[in-house]
Protein chains: 2
Amino acid sequence: YIDRNLDRFIEDLKLLCRQPSVSAQNKGIDECVSVLEKLMENAGIDVKIFEVKDGNPIVFGELKNKNAKECLGFYNHYDVQPPEPLEKWDSPPFKPEIREGKLYARGVSDNKGNIVARLEAVKAYMDVYGEVPVNLKFFVEGEEEIGSPHLEPFVRENMELLGADGYIWEGDGVDSEGRPVVSLGAKGILYVEFKAKGPKTDVHSSRAPLVPNPAWRLVWMLSTFKGPDEKIKIPGWYDEVVPPSEKDLQLLREAPFDEEADKRELGLKEYLLGLTGVESQKALRFSPTCNICGFSAGYTGPGSKTVLPAEASVKVDFRLVEAQKPDLLFERLKDHLKRNGFGDITVTRHGGYEPARTSADDPFAIRVIKTAEKVYGLKPVVWPTMAGTSPIYVVKNMMGIPVASAGGVGYPGALVHAPNENIRIKDYSNSIKYVAALIHSYRENP
Amino acid sequence: YIDRNLDRFIEDLKLLCRQPSVSAQNKGIDECVSVLEKLMENAGIDVKIFEVKDGNPIVFGELKNKNAKECLGFYNHYDVQPPEPLEKWDSPPFKPEIREGKLYARGVSDNKGNIVARLEAVKAYMDVYGEVPVNLKFFVEGEEEIGSPHLEPFVRENMELLGADGYIWEGDGVDSEGRPVVSLGAKGILYVEFKAKGPKTDVHSSRAPLVPNPAWRLVWMLSTFKGPDEKIKIPGWYDEVVPPSEKDLQLLREAPFDEEADKRELGLKEYLLGLTGVESQKALRFSPTCNICGFSAGYTGPGSKTVLPAEASVKVDFRLVEAQKPDLLFERLKDHLKRNGFGDITVTRHGGYEPARTSADDPFAIRVIKTAEKVYGLKPVVWPTMAGTSPIYVVKNMMGIPVASAGGVGYPGALVHAPNENIRIKDYSNSIKYVAALIHSYRENP
């Protein structure tokens with residue numbers, strides 16, 4: 001059925017991709033909500049739009065079967081990254097185009113392809129079976145690409161509405177060998193910007209013996225955060241860290257990973273600290289990080305200019321692992337600065353997520369993994385957590401609902417956030433089949 | 001005589017100021033050399049133009065009196081800083097204009113005012129006395145504003161031609177109270193740029209546990225250079241340093257300095273390390289420095305972006321004090337990097353000067369100071385060295401000739417290197433008188 005109706009399913013996806021919805025530029029948001037609402041209604045879903053003060057609307061949809069005991073939720077976002085640089089696109093970012101089995105458009109992989117695949121799966125299932133064996137909820141926000149600033153309060157106020165027995169998250173798909181990828185969590189994040197001030201204006205650097213240099217202030221501050229051994233030195237930073245379980249480590253050992261290809265792509269002879277094999281995956285997925293995203297001070301043009309800058313700033317992202325809390329760590333960071341004589345430095349926090357993970361032994365995780373093996377015919381690659389972040393905690397930690405990413409439309413060449421973002425039609429079709437099969441699993445095993 | 005002919009002297013200065021000569025932009029250099037040549041010939045000076053391979057010509061002039069035993073040299077430069085930003089000028093930078101007793105033009109203070117004042121003094125002296133009581137040499141280069149890259153080899157090859165018993169350097173003038181300022185030296189400098197490389201391209205910061213971050217490499221490197229106590233930690237950095245003599249300290253104690261006004265202007269509550277009084281002047285003029293001029297890495301725009309940058313660079317200027325050598329220190333710096341595991345960092349040197357100082361007890365210095373007191377009628381402010389740098393070492397260290405800055409056209413409001421650069425006509429007139437008096441001092445005291 002899905003194969004036979006694929007053309008119709010692709011048209012629906014094109015419809016959503018044709019509508020710009022760039023949250024960072026506040027472009028096309030309301031129009032995109034309307035398109036999405038229609039697509040959901042066409043799939044037989046009851047839709048409710050929640051306006052968000054100073055933010056983008058949240059779209060919530062429900063499809064009930066009063067005989068079903070369980071409820072399956074889907075988290076997605078309808079906003080996309082800015083399409084720039086436009087000149088690097090081979091076809092316009094908001095004019096979806098199929099070439100050589102791939103559909104090109106901004107947001108087609110992240111994350112409109114997943115939204116529509118899930119809706120089409122529901123439509124297909126209803127057409128074939130007349131009803132779904134599990135209650136379904138669709139939770140679609142419009143600010144994921146700008147850090148989901150209004151997500152946490154919305155969830156706090158709507159816990160009952162959003163409640164379910166398991167949530168499928170946006171993202172994932174297949175790896176380079178076509179194996180389905182399942183991710184059971186994400187790191188948290190704390191993003192902080194530090195600003196130091198020196199003299200009122202840039203001054204001639206001959207004044208250096210008398211005038212404090214803000215770039216030096218930041219260098220000395222940063223060197224109290226982390227040394228070349230990569231251990232974070234801020235007191236208490238590791239206090240809450242939960243190390244990976246034996247099961248987690250087993251998953252890392254089982255997951256195939258082409259280390260040499262990865263290093264080649266990065267242009268590295270070896271990983272940091274000489275890590276290899278499962279140790280490198282353990283570090284990647286279970287180590288808290290303290291990363292300098294940007295440092296700016298003084299004259300950075302060609303040649304030499306002798307100046308003592310008036311201001312310097314550095315942006316740092318700290319990725320957090322189970323069960324670190326961004327609020328608590330931010331307080332420890334500020335204490336650390338005060339205690340070490342850096343009270344003059346201005347600290348600005350840009351958002352933050354808690355880390356969140358679902359156990360691979362959780363019945364929902366088992367269902368998700370089994371379904372993947374059935375649909376794709378290959379043993380799934382199960383990551384106990386991603387190295388990146390996603391606001392999974394609002395579902396997993398705040399509502400206590402297990403969460404997994406699986407059966408998405410992604411593949412390694414999707415160019416997410418970059419020009420020529422694309423998905424492969426075959427992955428889109430598999431994604432629809434995966435979601436239909438997952439729904440069906442509740443009929444076989446309610 | 002000088003007062004009577006001032007209008008004519010101002011016309012000559014305007015002539016030179018009207019000619020752009022921006023070494024950094026390679027603008028108007030040859031034309032400026034021609035104008036300068038004519039002005040010097042008009043003063044009765046024999047001129048010789050030295051072409052410099054891949055550089056700007058050096059103008060050399062001589063006025064001999066075969067009966068005179070001594071020789072007085074003048075170092076100046078005919079090139080100027082770029083005039084930009086043009087919109088901040090109240091009158092065009094290369095159309096000299098007099099307003100309220102001040103002459104406005106790019107380069108009028110640094111350093112065309114001094115060149116022409118010195119030529120007019122010679123002309124005036126010749127008109128009045130018919131001959132000068134001392135041989136005169138004029139050494140005018142055209143690359144001072146870009147670091148004098150060809151000066152050292154030129155001097156090495158022309159030591160006999162340039163030889164003299166004392167050199168008056170460009171610069172200086174009067175302080176805020178009208179006291180004449182005499183400077184007897186300058187710090188040296190070593191300017192170095194450091195570049196660290198990470199992955200081939202910027203990557204997502206979730207890769208931080210495996211991918212070396214070049215910004216962190218530079219932070220860790222810098223923190224081995226200097227800590228918050230401002231002491232430079234590179235081994236051997238202070239080995240050659242000659243501390244100020246008792247005479248030097250006495251000059252610092254005698255020199256008037258408005259510390260509170262200076263701090264107000266800088267927007268500082270106090271100087272670095274809480275220094276005050278003569279201790280602050282001692283630090284300013286006799287401490288080697290290690291100053292971050294610029295630091296650049298990753299994303300520095302508004303808000304947050306999680307990126308691990310491919311490259312980071314930092315520019316550092318080290319000011320050097322007597323008798324530190326830039327070549328030797330650069331070797332020590334590179335050794336230090338190697339020994340501390342920073343061999344991956346690319347090090348680029350942008351020029352360098354040795355420090356150079358003339359003793360206040362030197363007969364030439366005494367002559368210069370005495371003449372200043374006579375002409376200005378106030379006790380001169382004598383600085384044993386400037387806090388900044390100037391290529392004085394080519395004369396003082398390479399040729400062993402005493403050097404002093406004195407009787408220049410500068411004053412604290414001159415806006416050197418900035419828009420609306422200007423001099424006061426009264427300072428110009430005094431500068432001409434000073435040079436004439438200095439020449440005359442060889443008649444009274446040959």
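Predicted model: local features only at pLDDT ≥ 70, side-chain atom pairs only at ≥ 80, totals over all residues.
1. **Extent of the interface.** On the chain B side, Leu210(B), Trp216(B) and Trp220(B) lose the most area to chain A. Together they make up 14% of what that side buries. The contact draws 68 residues from chain B and 68 residues from chain A.

2. **Polar links across the interface.** There are 30 residue pairs in polar contact between chain B and chain A, counting pairs with both residues at pLDDT 80 or more. Two salt bridges also cross the interface. Arg207(B) pairs with Asp262(A) in a salt bridge, with the closest N and O atoms 2.6 Å apart.

3. **What chain B contributes.** Several elements of chain B give two or more residues to the side that touches chain A. Among them are strand 10 (188–197), helix 6 (214–223), helix 8 (259–266), helix 9 (277–286) and strand 14 (311–320). Strand 12 of chain B supplies the largest share, ten residues. By residue type, this side of chain B divides into 34 nonpolar, 21 polar and 13 charged.

4. **Strand 12 meets strand 12.** Which strand of chain A pairs with strand 12 of chain B? The partner is strand 12 (residues 289–298) of chain A. The two run in the antiparallel sense and pair over five bridges. Ser296(A) has Ser296(B) as its bridge partner.

5. **Asn213(A): buried or exposed?** Asn213(A) sits in the loop between strand 11 (203–204) and helix 6 (214–223) of chain A. Its relative accessible area is 6%, so Asn213(A) is buried, the cut-off being under 20%. The side chain of Asn213(A) makes a polar contact with the side chain of Asn291(B), at 2.7 Å. Leaving aside residues up to four places away in sequence, Asn213(A) touches Leu308(A), Pro309(A), Asn291(B) and Ile292(B).

6. **Strand 10 of chain B.** Eight of the ten residues of this strand are buried, so strand 10 is largely enclosed by the rest of the structure. Strand 10 pairs with strand 14 of chain B in the antiparallel sense, over ten bridges.

7. **Salt bridges in helices of chain B.** Over all chains, the whole structure holds 60 salt bridges. One of them joins Glu152(B) and Arg156(B), at 2.6 Å from N to O. These two are separated by about one helical turn because they lie four residues apart in helix 4 (residues 151–157) of chain B. Glu152(B) is partly exposed, at 28% relative accessibility. Lys263(B) and Glu259(B) form another salt bridge, at 3.5 Å from N to O. They are four residues apart in helix 8 of chain B, so about one helical turn separates them. Lys263(B) is buried at 6% relative accessibility. Glu259(B) is buried too, at 13%.

8. **Salt bridges in chain A.** Asp12(A), Glu120(A) and Lys123(A) are joined into one network by salt bridges that share partners. Elsewhere, the side chains of Glu62(A) and Lys64(A) meet in a salt bridge, 3.8 Å from N to O. Lys64(A) counts as exposed, at 63% relative accessibility.

Notes
Residues numbered from 1 in each chain as written. Chains lettered and ligands numbered in written order. Heavy atoms only, no water. Contact = heavy atoms within 4.5 Å. Buried area = accessible area lost by both parts, 1.4 Å probe. Salt bridge = Lys/Arg side-chain N within 4 Å of Asp/Glu carboxyl O. Polar contact = N/O pair within 3.5 Å; in protein donor to acceptor, adjacent residues only side chain to side chain. Nonpolar A, V, L, I, M, F, W, Y, C, P; charged D, E, K, R; others polar. Pairing = 2+ DSSP bridges. Buried < 20%, exposed > 50% of the residue type's maximum accessible area, 1.4 Å probe, protein only.
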